[in-house]
Amino acid sequence: MNELDYQKIGKKIRAARQAKGWSQDRLSEKCNISLSFMGHIERGTRIMSLETFVALCNELEISADYVLWDIIRPSDPILLNILNGVKTKDAATYSRYVQIIRAIAEIMSGC
């Protein structure tokens with residue numbers, strides 16, 4: 001079994017929080033944990049309970065598979081929202097979305 005990398009987990013949580021424009025304080029309040037503990041989670045210096053992990057994933061709208069193992073499933077709410085938004089665009093806008101997604105995929109495969 002793969003070993004969990006708590007620093008990577010914390011970085012993903014931090015990135016998702018920042019993408020929402022939230023402070024650590026706001027997220028910690030939503031998940032009913034202390035601000036100090038939130039900082040430890042994001043740095044990967046403390047291990048959170050399963051309940052806290054689930055609360056963070058739910059509030060941030062990110063999947064546990066992604067946070068733990070880098071697996072993105074098509075049923076992820078954020079991806080579904082993006083895909084549903086793209087479906088309503090005109091053909092030219094849709095084409096630009098596809099080009100951007102392909103470019104990002106190429107960049108990320110080189111990391």
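Student: Is Lys30 buried, exposed or partly exposed, and what's its relative accessible area?
Tutor: Lys30 is partly exposed, at a relative accessible area of 37%. Buried here means under 20% relative accessible area, exposed means over 50%, and partly exposed is in between, with a 1.4 Å probe and protein chains only. Keep in mind that this is a predicted model, where local features need pLDDT of at least 70, side-chain atom pairs count only at pLDDT 80 or more, and totals for chains, interfaces and linings use all residues. Residues are numbered from 1 along each chain as its sequence is written, and side-chain values use heavy atoms, with hydrogens and water left out.

Student: OK, which side chain meets Lys30 in a salt bridge?
Tutor: That's Glu59, with 3.8 Å from N to O. A salt bridge means a side-chain nitrogen of Lys or Arg within 4 Å of a carboxyl oxygen of Asp or Glu. Helices are DSSP runs of H or I with at least four residues, strands are runs of E with at least two, and both are numbered from the N terminus.

Student: And Glu59, buried, exposed or partly exposed?
Tutor: Glu59 counts as partly exposed, at 27% relative accessibility.

Student: How many salt bridges does the structure hold?
Tutor: The structure holds 4. One of them pairs Glu42 with Arg14, with the closest N and O atoms 3.3 Å apart. Glu42 is in helix H3 (residues 35-43) and Arg14 in helix H1 (residues 6-19), so this pair links distant parts of the chain, 28 residues apart.

Student: Which residues are linked with Arg14 and Glu42 in a network?
Tutor: Arg17 is linked with them, in a network of salt bridges.

Student: Which residue forms a salt bridge with Lys20?
Tutor: Glu61 does, with the closest N and O atoms 3.0 Å apart. Glu61 lies in the loop between H4 and helix H5 (64-69), and Lys20 in the loop between H1 and helix H2 (24-30), so the pair ties together parts that are 41 residues apart in sequence. Glu61 is partly exposed at 37%, and Lys20 counts as partly exposed at 30%.

Student: What is phi of Glu61?
Tutor: It's near 55 degrees, a positive value in a residue other than glycine. Most residues other than glycine have a negative phi. Asn32 also has a positive phi, about 60 degrees, and is not a glycine. Asn32 is found in the loop between H2 and H3 and is exposed, at 73%.

Student: Back to H4. Which of its residues are buried?
Tutor: In H4, residues 50-60, they are Thr52, Phe53, Leu56, Cys57 and Leu60. They cover an arc of only 135 degrees around the axis, which puts them on the same side of H4. The arc is that of the directions from the helix axis to the C-beta atoms.

Student: Which exposed residues does the face turned away carry?
Tutor: That face of H4 carries Leu50, Glu51 and Asn58.

Student: Zooming out, how many helices and strands are there in the chain?
Tutor: There are 7 helices and 0 strands. Along its principal axes the C-alpha trace spans about 45 × 30 × 20 Å, and 25% of the 111 residues count as buried.

Student: What about contacts between residues at least 6 apart in sequence: what share join residues at least 24 apart?
Tutor: 49% of them do, where a contact means heavy atoms within 4.5 Å.

Student: Last one: how far apart are the mean positions of the positive and negative charges?
Tutor: They're 4 Å apart, for 15 positive and 13 negative charges. Lys and Arg count as positive, Asp and Glu as negative, and His and the chain ends aren't counted. Each charge is placed at NZ of Lys, CZ of Arg, CG of Asp or CD of Glu.
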